[in-house]
Amino acid sequence: VIAAVEGLVAELRLVGIPVSASEYIDALSALRFVDLGDRTAVKTAIGAAVVKDAQHESAYSTVFDLYFAGRSLDRADGGAADQDAGPDPGNQGGPGGQPSGPGDGGGGVLDSVDDDSLTRLLLTALEANDPALLRALAAAVVTRYAGMEPGRPVAGTYYLYRAMRAVAPDRLPARLLAAAPDNGDDGLARMLLTEEYERRVADFQREVEAEIRRRLVADRGAADVARTLRRPLPEDAGFLTGSAAQIAQLRDTVQPLARKLAARLAYRQRHRRRGPLDFRRTVRESMSTGGVPMTPVFRPPRPAKPELVILADISGSVSNFAVFTLHLTYALRTEFTRVRSFVFVDTVDEVTEILAGADNIAAATAEINARGCGVWLDGHSDYGNSLRSFRERYGDQLRSRSTVLVLGDARTNYHAPGAEALKELSRRAGHLFWLNPESYSAWDSGDSVISQYAPFCDAVFECRNIRQLRAFIEQLG
Amino acid sequence: VTSTEDAAAAGDAGSAAGHRFESGARVAELLRGVGYLPDAKIATVVHLGDRLGKPVLVEGPAGTGKTELAKSVAAMTGARLIRLQCYEGMDEAKALYEWDYRKQLLAIQLHTADAGSLFAEDFLLTRPLLEAIRATEPVVLLVDEVDRLDVEAEALLLEVLSDYQVSIPELGTVSARQVPMVFLTSNGSRELSEALKRRCLYLHIDYPAVEREREIVLARVPGISAALATQLAQVIRSLRLLDLKKRPSVSETLDWARTLLVLGADRIDSELIEATMPVLLKNQADIELALKKLGDQAR
């Protein structure tokens, strides 16, 4: 068991989940108090001790399944690991609870039925929501359709695709619904039933996925499969490279970050400034020293009202990043007393009103797109023109207490960079930071002109993922 | 309170009372007894928290029963619940202890105390954390909404959480006579520090699955029919799938169930949902979104 936990912890650290030594010890001592035969309890126990962030739980779950896949810890899967690509491992624990299946003898029966009866059986199982039968069926589906070949260094995504394609999961809810007894014209009931079936099908798909992983582990060993499966944590997902779903997930992270950024900027300004001399109190104070003003008294500084100006690139080359940027801007709006947001592609437009007026971010994005904000000529980024038009239209509104945050990759399609406009902005504003979503190594390659802007910024940061954004905010304080 | 004997006694008491429950299943059973329906994960973690003598950090969306869990654990063990509600700007005078300076001043004026005895227990005002540590009877300490604390103030908790002791400069160290069960709740509005997380077991409570939500409704709203509860739980799940500003919480589900009961409904249809939506969703944009979805589907 210790070896398994050790491998698990090592893999978690590799994925990027921090596990301290004391947490590792906690995990081991927690195992003394749970039934080692109970897979879920073991999973919960280790998870409670080592995973301290809800966002990491799905990553943990995957890794746990790998390292505890074929161990004797799990009674239901007991024999699974010991067999190679042999007959049909998962079935051994399965068929006990079949309500209406044609056979109750064991795995062999499921393998010998034809495709149609397998599908029918699957429908019955989904309708009855019978976990044991579904698990057995998942194993059967994998054996039959996935076409797994031992020894190939793959992550199993292709196997999953093949297995599920044969089952046609999209059509299953509809078929289930057609077979359901209560099929009146009650729209609500039908919707609820559909959602229920969709969930069961999704569960079944997860079961198939788990089965494929179990077999991969049996074939190549946990450490090897883990390496091919390794996926970035949500906070490490690149803004430019991450999938749309990953970016959407980041939304929940953004709100606390925005609050923190607001707090940091306010803090910074509160500390830098000292109020003007309080003449009256200085004189009053001087009474005790015979009218000689020995200790000057200052007024407390006025509470800081940081003003944030965000300039966000929303061109196509950074579209994923732009989604994130808008989320961040939207979240900041609720935290700052004054935040003005601008978007640009080849010219700049203020979107403060749009963000303030919209009820949610989706509506705001739609509105921005509908109005064609930031687009002047052809919708290709032109940083030079954007910066110049910003200077002309809004430049005189920047104060020393404004902080300007530019979010963009500085890829200006070989137009003139217009660095002198940025210099002017930097002179007027209190601070100017540039966050670049591209990896540092790509800076200044091709049409990127970030180094021409850099001298006029307080700092330029690589900001490819949430972790780097967090680091940027940390160092502000 | 300060001597090493006490510390030893605390150790003994701790090991004696160290396991209040034999297993996670037993915890689940007891929690059910007081009307809280845990899933396997919650029961296991509560059991471990007790066995390992570690605080449990409970995180999750608002209204999923985090605070309720601590209250239920207190109820089922017959322990006293000591609650520390965190807020921004809370300091040790509110969380740990404070010297009662008015009483101290009086004592000086009356010449009943010399300087040495001014810092005695008589003049100590205990606050929730110290109170939990000094309690002789079993207690459950609930540190509610710990994410509202400032980062600096989090450090106040660390000594209490890891060693169950409080150091008072004038008095020395006060150790726990028995290891209290500690629950911390957080809505995740801010990242908690690594130091705090490391000392705790982590439990993430999400919205319950349909089956569990149905059970909760059945247990908490007497008189509701099983069919209605099923339908209700499914509607709620369907609403939570939407991209809402504020998803309906479990407590709102219960409110809704009670509303339906009062209205005498025996099944849910679109009109009924439309009429009672404000019980579930408290935001006009959310309500419109939900009605739109229901409207689309019902056509």
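## Second largest pocket

The second largest pocket comes in at about 480 Å³. Gly63(B), Thr64(B), Gly65(B), Lys66(B) and Glu68(B) sit closest to its centre, out of 25 lining residues. Helix 4 (66–77), helix 10 (210–220) and helix 12 (250–263) of chain B each give two or more residues to that lining. By class, the lining splits into 9 nonpolar, 8 polar and 8 charged residues.

A pocket here is an open set of points on a 1 Å grid, where a 1.4 Å probe fits, with protein on both sides within 12 Å along at least five of seven lines; lining residues have an atom within 4 Å of a point.

## How to read the model

This is a predicted model, with local features needing pLDDT of at least 70 and side-chain atom pairs counting only at pLDDT 80 or more. Residues are numbered from 1 along each chain, and chains are lettered from A in the order in which they are written.

## Salt bridges

Over all chains there are 28 salt bridges (Lys or Arg side-chain nitrogen within 4 Å of an Asp or Glu carboxyl oxygen). Arg199(A) and Glu211(B) make one of them, at 3.0 Å from N to O. Arg199(A) belongs to helix 10 (residues 187–220) of chain A and Glu211(B) to helix 10 of chain B, so this pair joins two chains. Arg199(A) is partly exposed at 23% relative accessible area (buried is under 20%, exposed over 50%, partly exposed in between, with a 1.4 Å probe).

In chain A, Arg39(A), Lys43(A) and Asp65(A) are linked in a salt-bridge network.

Note on methods: Heavy atoms only, no water. Points joined across faces, edges and corners; volume = space filled by probe spheres on them. Helix = DSSP H or I, 4+ residues; strand = E, 2+ residues; numbered from the N terminus. Nonpolar A, V, L, I, M, F, W, Y, C, P; charged D, E, K, R; others polar.
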